[in-house]
Amino acid sequence: MKLGLAAGAAGLIPTALKASSPGASASHKGAKLVLLGTKGGPRVGGSRSNPANALVVDDAVYVIDMGMGVTAQFVKAGLDYKQIRGLFISHLHSDHELEFGNLVYNDWVTNSLTKPLNAYGPVGIEEMIKNYWALNKDDINTRIADEGRVDPRDLLIGHDMPFTKHVVMQDDHVRVSALPTPHKPLQNFAYRFDTPYGSVVYSGDTSFYPPLAEFAKGADVLVHEVLYVPGVDALTKRVNGGEDFRNHIINAHTTTEQVGQIAAMAGVKKLVLSHFVPGDMSWITDDMWREGVAKHYKGEIVVGRDLQEIPLS
Ligand SMILES: [Zn+2]
Ligand SMILES: [Zn+2]
């Protein structure tokens, strides 16, 4: 896969990432994406947790979106707070950021947060961090005074990012790029992670957006949000919503058929469906999620499940 990556994403991979360092002390070589939560929307319930993912590259972990439940799912997946190297938020709908602060809190309270940790996302992340510390100042001040802990407020560094296509960060394991995509009334960042073992693109929440296919060109794995129209009709009935409610959901997301078109245009090796809308209706089978997608995309389609691991190699 290393060769495929170099060929497929020529120019994107920093030279330092093309070859693994023989002296590296990492005990686990390789990369995988762990789906921590695959249900779209803020409601908690059903068999899927709210949106969250972890990309593991050797011994480094990058957390992508942090909806409700991310901390418990992170622990269930057997991941280690000490290995977190970066946090990425796609957009400011709560199903993608509501547990951002609490994940970092747990990182801190387990004495794992000892070095600066960078969090990237849309404008508003820096303010959110300030507010989170204010909300929890009594506990934090008490634990610093009583338990001799470091001050976490010095260690979490927020980055409000402009809505332009840009390289977000790069370290020894990964180069991360962001692409703004429409998700009315918000904007969303799709992220691309280029690693020595392959490339993963994460759509975040987005309307059908062909430039995302260009951004995902040649990636090994595309994780794309997905909406099933008959399910949205059932959801609209369940909440007594009207036409406006239904149209709002459909216009802000990508239908199964449209996801297939994006994956086909991008030519990705594997498509992982996640952020299911609706994600808590058990009558919608895996085949139903696949059907519309497969009309356009002939590669491997994974109907994502919580805690599923997608290896990159
Ligand atoms: Zn969402
Ligand atoms: Zn959203």
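1. Two residues are in contact if their C-beta atoms, placed from the backbone, lie within 7 Å. By that rule Leu222 touches Val201, Ala216, Ala263, Ala266, Val268, Leu271 and Val272, leaving aside residues up to four places away in sequence. This is a predicted model, in which local features need pLDDT of at least 70, side-chain atom pairs count only at pLDDT 80 or more, and totals for chains, interfaces and linings use all residues. Residues are numbered from 1 along each chain as its sequence is written, while chains are lettered from A and ligands numbered from 1 in the order in which they are written.

2. Leu222 also belongs to the core. A residue is buried if 20 or more other C-beta atoms lie within 10 Å of its own, exposed if 12 or fewer, and partly exposed in between. A nonpolar core is a set of buried Ala, Val, Leu, Ile, Met, Phe, Trp, Tyr and Cys residues joined through C-beta atoms within 7 Å. The largest nonpolar core has 74 residues, and Val200 and Leu222 have the most contacts inside it.

3. The sheet should be read next. Helices (H or I, at least four residues) and strands (E, at least two) are DSSP runs, numbered from the N terminus; two strands pair if DSSP finds at least two bridges between them. Strands of a sheet pair through backbone hydrogen bonds, either parallel or antiparallel. Here, seven strands form an open sheet of mixed pairing, in the order β6-β5-β4-β3-β2-β1-β14. Its edge strands, β6 and β14 (309-312), each pair on one side only. On average, neighbouring strands of this sheet are turned by 20 degrees against each other, direction ignored; such angles come from axes, lines fitted to C-alpha atoms (for helices over the stretch in contact), and run from 0 to 180 degrees between N-to-C directions.

4. Individual pairings can be followed along the sheet. Strand β1 (residues 31-37) is antiparallel to β14 and joined to that strand by four bridges, with Ala31 opposite Leu312. Strand β2 (residues 52-57) and β3 are also antiparallel, with six bridges, and Ala54 stands opposite Val63 in β3. By contrast, β3 and β4 run parallel and share four bridges; Ile64 has Phe88 in β4 as its bridge partner. Six of the seven residues of β3 are buried.

5. The buried residues of α5 (residues 100-109) are Phe100, Leu103, Val104, Tyr105, Asp107 and Trp108. These buried residues pack against β3 (60-66), α3 (70-76), β4 (84-88), α4 (94-97), β5 (117-122) and β6 (156-161). Helix α6 (residues 125-135) lies across β5 and β6, at about 150 degrees to β6.

6. Helices α9 and α10 form a separate topic. The axes of α9 (residues 229-238) and α10 (residues 243-252) come within 10 Å and cross at roughly 145 degrees. Val229, Val232, Asp233 and Thr236 in α9 meet Phe245, Arg246, Ile249 and Ile250 in α10. The residues of this contact comprise five nonpolar, one polar and two charged, where Ala, Val, Leu, Ile, Met, Phe, Trp, Tyr, Cys and Pro count as nonpolar, Asp, Glu, Lys and Arg as charged, and the others, Gly among them, as polar.

7. Some backbone values deserve a check. Most residues other than glycine have a negative phi, and most peptide bonds are trans. Asp58, in the loop between β2 and β3, has a positive phi near 50 degrees; Asp58 counts as buried because 21 C-beta neighbours lie inside 10 Å. Asn240, in the loop between α9 and α10, has a positive phi near 55 degrees, but Asn240 is exposed, with 7 other C-beta atoms within 10 Å.

8. The bond from Lys184 to Pro185 is cis, with omega near 0 degrees, and Pro185 lies in the loop between β8 (175-183) and β9 (186-195). Another cis bond joins Val277 and Pro278, with omega about -5 degrees; Pro278 is in the loop between β12 and α12 (286-294).
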